[in-house]
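Okay, thanks for coming, everyone.

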Amino acid sequence: MAISTPNAKRAALLIVDVQTDYVSGSMAVPEAKAIVPLVNKVKKNVKWTNVILTQDSHPPGHVSFLDSHSENPKARETEMITVDGCPQKLWPIHCITGSAGEKFHEGLEVGTEK
């Protein structure tokens with residue numbers, strides 16, 4: 001796979017939420033494991049000015065978790081409800097701060113990013 005960028009001297013790579021829960025955990029995206037080596041390759045084969053990695057993180061009992069709304073008979077996973085007058089989509093428990101699911105996926109090469 002040939003990788004190029006039009007202006008690598010000023011290019012940033014943004015790697016978003018390549019975390020255990022999204023790759024192989026409670027919210028695993030189908031075929032997510034297949035992209036991890038590709039992300040590593042893109043990261044390695046271009047001299048990026050900056051490499052930025054993001055991590056999703058939630059405290060236990062977060063308002064977006066379906067389990068936090070067990071008293072609501074209308075609450076269903078991936079459905080919208082209203083919480084304090086605001087729309088909220090509900091998800092399974094994921095990326096709890098400090099948990100194994102919050103960590104970057106074990107296959108993602110993480111090193112000296114800026």
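**A quick tour**

So, before anything else: this is a predicted model.

Let's begin with strand β1, residues 12–16. In general, side chains in a regular strand alternate between the two faces of the sheet. Here, Leu13 and Ile15 point to one face and are buried. If you look at Leu13, you'll find Val51 of β2 standing opposite.

Next, His69. Follow the chain into the loop between β2 (50–54) and β3 (80–83), and there you have His69. Buried or exposed? His69 has 9% relative accessibility, and the cut-off for buried is under 20%, so His69 counts as buried. Who's around? Skipping neighbours within four places in sequence, His69 is in contact with Val63, Ala75, Ile81, Val83 and Leu90.

Now, a bit of backbone. Glu31 isn't a glycine, yet has a positive phi of about 65 degrees. You'll see Glu31 in the loop between α1 (20–23) and α2 (32–45), and with 65% relative accessible area, Glu31 is exposed. Cys95 is another non-glycine with a positive phi, about 50 degrees in this case. Cys95 sits in the segment after β4 (86–89) and is buried, at 0% relative accessible area.

Staying with cysteines, Cys86 is partly exposed, at 44% relative accessibility. And how many disulfides do we get? The count is 0.

How values were computed:
Residues are numbered from 1 along each chain as its sequence is written. This is a predicted model: local features need pLDDT of at least 70, side-chain atom pairs count only at pLDDT 80 or more; totals for chains, interfaces and linings use all residues. Side-chain values use heavy atoms; hydrogens and water are left out. Helices (H or I, at least four residues) and strands (E, at least two) are DSSP runs, numbered from the N terminus. Buried means under 20% relative accessible area, exposed over 50%, partly exposed in between (1.4 Å probe, protein chains only). Contact means heavy atoms within 4.5 Å. A disulfide is a pair of cysteine sulfur atoms within 2.5 Å. Two strands pair if DSSP finds at least two bridges between them.
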